[in-house]
Amino acid sequence: MTNPAPDSIAPSLAFIEQLAHEAVSTLPEPFREPATHVRLRVEEFPDDTMLEELDIEDAFDLTGLYDGIPLTEKSTAEQVTRPDVIWLFRRPILDEWAERGDVSIQDLVGHVVVHELAHHFGWTDDQIAAIDRWWE
């Protein structure tokens, strides 16, 4: 039996997470270090509660989600009860990647990570475009 070529195997949860961490490591200062405090989680799909809260019927419509309090809304007087999290959803990301056919999985994961970090940092569209050329 022959082994499949590495590029013919769908990227794993661990590989998607690795790409997400690489995207964070390439952010410009002053965002790189603070972005490391946002937890990255990769799951196959969003859970039903997430979909219901966002009024999304099709799990394939959600590639990522920021779950936390944006820095623009945080108060130093408030006690942190849970970490901010960026959720990445492998199957919807792979579905979009296959449908597009014109971007690398690394670029797509990086784009989703930057989009979710924009919620955390409170970036404007211009600020996002300065970091992620895909946004233009």
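Visitor: What does Gln18 count as, by relative accessibility?
Guide: Gln18 counts as partly exposed, at 41% relative accessibility. Buried means under 20% relative accessible area, exposed means over 50%, and partly exposed is in between, with a 1.4 Å probe and protein chains only.

Visitor: What kind of model is this?
Guide: This is a predicted model, where local features need pLDDT of at least 70, side-chain atom pairs count only at pLDDT 80 or more, and totals for chains, interfaces and linings use all residues. Residues are numbered from 1 along each chain as its sequence is written, and side-chain values use heavy atoms, leaving out hydrogens and water.

Visitor: Back to Gln18. Which helix does Gln18 lie in?
Guide: Gln18 is in helix α1. Helices (H or I, at least four residues) and strands (E, at least two) are DSSP runs, numbered from the N terminus.

Visitor: How far is Gln18 from Val109, C-alpha to C-alpha?
Guide: 9.8 Å, though Gln18 and Val109 sit 91 residues apart along the chain. Ala23 is also in helix α1. Its C-alpha is 9.6 Å from that of Val112, a residue 89 places away in sequence.

Visitor: Is Ala23 buried or exposed?
Guide: Buried, with a relative accessible area of 12%. Ala23 is in contact with Gly110 and Val113, leaving aside neighbours within four places in sequence. Contact means heavy atoms within 4.5 Å.

Visitor: Let's zoom out. How many helices and strands does the chain have?
Guide: There are 6 helices and 3 strands. Along the sequence they run α-α-β-α-β-β-α-α-α. Of the chain's 136 residues, 36% count as buried.

Visitor: What share of the contacts comes from residues 24 or more positions apart?
Guide: 65%, taken over contacts with a separation of 6 or more.

Visitor: New topic. How much space lies in the largest pocket?
Guide: About 270 Å³. It is lined by 15 residues, and the closest to its centre are Ala23, Thr26, Gln106, Asp107 and Gly110. A pocket is an open set of points on a 1 Å grid where a 1.4 Å probe fits, with protein on both sides within 12 Å along at least five of seven lines; lining residues have an atom within 4 Å of a point. The volume is the space filled by probe spheres set on the points, which are joined across faces, edges and corners.

Visitor: Which elements give two or more residues to that lining?
Guide: Helices α1 (13-25) and α5 (105-121) do. α5 gives the most, with 5 residues.

Visitor: Why does His120 count as buried?
Guide: Because its relative accessibility is 4%. The side chains of His120 and Tyr66 are joined by a polar contact of 2.9 Å. A polar contact is a pair of N or O atoms within 3.5 Å; within protein, one must be able to donate a hydrogen and the other to accept it, and residues adjacent in sequence count only if both atoms are side-chain atoms. Beyond four places in sequence, His120 touches residues including Val38, Ile69, Pro70 and Asp84.

Visitor: And which residues are buried in α4?
Guide: Arg90, Pro92, Ile93 and Leu94. The buried residues of α4 pack against α1, β1 (39-43), β3 (85-89) and α5.

Visitor: What does the side chain of Arg90 make a polar contact with?
Guide: The side chain of Glu44, at 2.8 Å. Arg90 is found in helix α4 (residues 90-100), with a relative accessible area of 12%. Among the residues Arg90 touches, beyond four places in sequence, are Ala10, Leu13, Ile16 and Val42.

Visitor: Last topic, backbone geometry. Where is there a cis peptide bond?
Guide: Between Glu29 and Pro30, with omega about 15 degrees. Pro30 is in the loop between α1 and α2 (32-35). Most peptide bonds are trans, and most residues other than glycine have a negative phi.

Visitor: What is the phi of Asp55?
Guide: Positive, about 55 degrees, although Asp55 is not a glycine. Asp55 is in the loop between α3 (48-53) and β2 (64-67). Asp55 is exposed, with a relative accessible area of 70%.
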